[in-house]
Amino acid sequence: MNATSAAVATAVTFVWLGMVLAISFLEAPLKFRAPGVTVPIGLGIGRIVFRALNRVEAVLAIAAITAVATGGPPASVVAPTAVAVLLLAVQLLVIRPGLNRRSDRVLAGETLPRSRAHHFYVATELVKVFALLALGIDLLTT
């Protein structure tokens, strides 16, 4: 892989990884522990934060794809790139719409049981973290 593409892809990958770790695994669970934060308030904040995160992730995914595609990458770089981008697409196109409909109902005052879709989102987020970590390591060692 050429040096410029590898450097850009590495930077993009680790920024993306850091954002996912900070928001999904630090901010999201902690906000519900803050005094006075109710479920509706937490959901409202979460929707805004995750909408912003997902938009930035989409930009980073495009940048990663572009850097990897133009760099003459080995398969060890292409595979985790594809996995991370595919998982983001599943989150945005399959899981998030259901979560948004559910949070609309909660914000409208309905009391609902915990959602399994949330567990799928967390699972895809965890696999995406490992894909991004593998990608970053592969980029540093190629």
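Two residues are in contact when they have heavy atoms within 4.5 Å of each other. In this predicted model, residues 24 or more positions apart account for 80% of the contacts with a separation of 6 or more. Residue numbers start from 1 along each chain as its sequence is written, and side-chain values use heavy atoms, with hydrogens and water left out. Local features need a pLDDT of at least 70 and side-chain atom pairs count only at pLDDT 80 or more, while totals for chains, interfaces and linings use all residues.

On to the overall layout. The secondary structure comes to four helices and zero strands, where helices (H or I, at least four residues) and strands (E, at least two) are DSSP runs numbered from the N terminus. The C-alpha trace spans about 55 × 30 × 20 Å along its principal axes. Of the 142 residues, 34% count as buried, that is, under 20% relative accessible area with a 1.4 Å probe and protein chains only.

Now for H2. The expected span of a helix is 1.5 Å times one less than its number of residues. The 32 residues of H2 should therefore span 46 Å, and the end C-alpha atoms of H2 agree with that at 45 Å apart. Among the buried residues of H2 are Phe50, Leu53, Asn54, Glu57, Leu60, Ala61 and Ala64. An α-helix has 3.6 residues a turn, so residues three or four places apart point the same way. The cover over the buried residues of H2 includes H1, H3 and H4. After H2 comes glycine 72, with a positive phi near 65°.

H4 has 26 residues and reaches 38 Å from its first C-alpha to its last, close to the 38 Å expected. At its start, a side-chain oxygen of serine 115 comes to within 3.0 Å of the backbone nitrogen of alanine 117. Buried residues of H4 include Tyr121, Glu125, Lys128 and Leu132, and H1, H2 and H3 are among what covers the buried set.

H2 gives the most to the lining, with seven residues.

Methods: Buried means under 20% relative accessible area, exposed over 50%, partly exposed in between (1.4 Å probe, protein chains only). A polar contact is a pair of N or O atoms within 3.5 Å; within protein, one must be able to donate a hydrogen and the other to accept it, and residues adjacent in sequence count only if both atoms are side-chain atoms.
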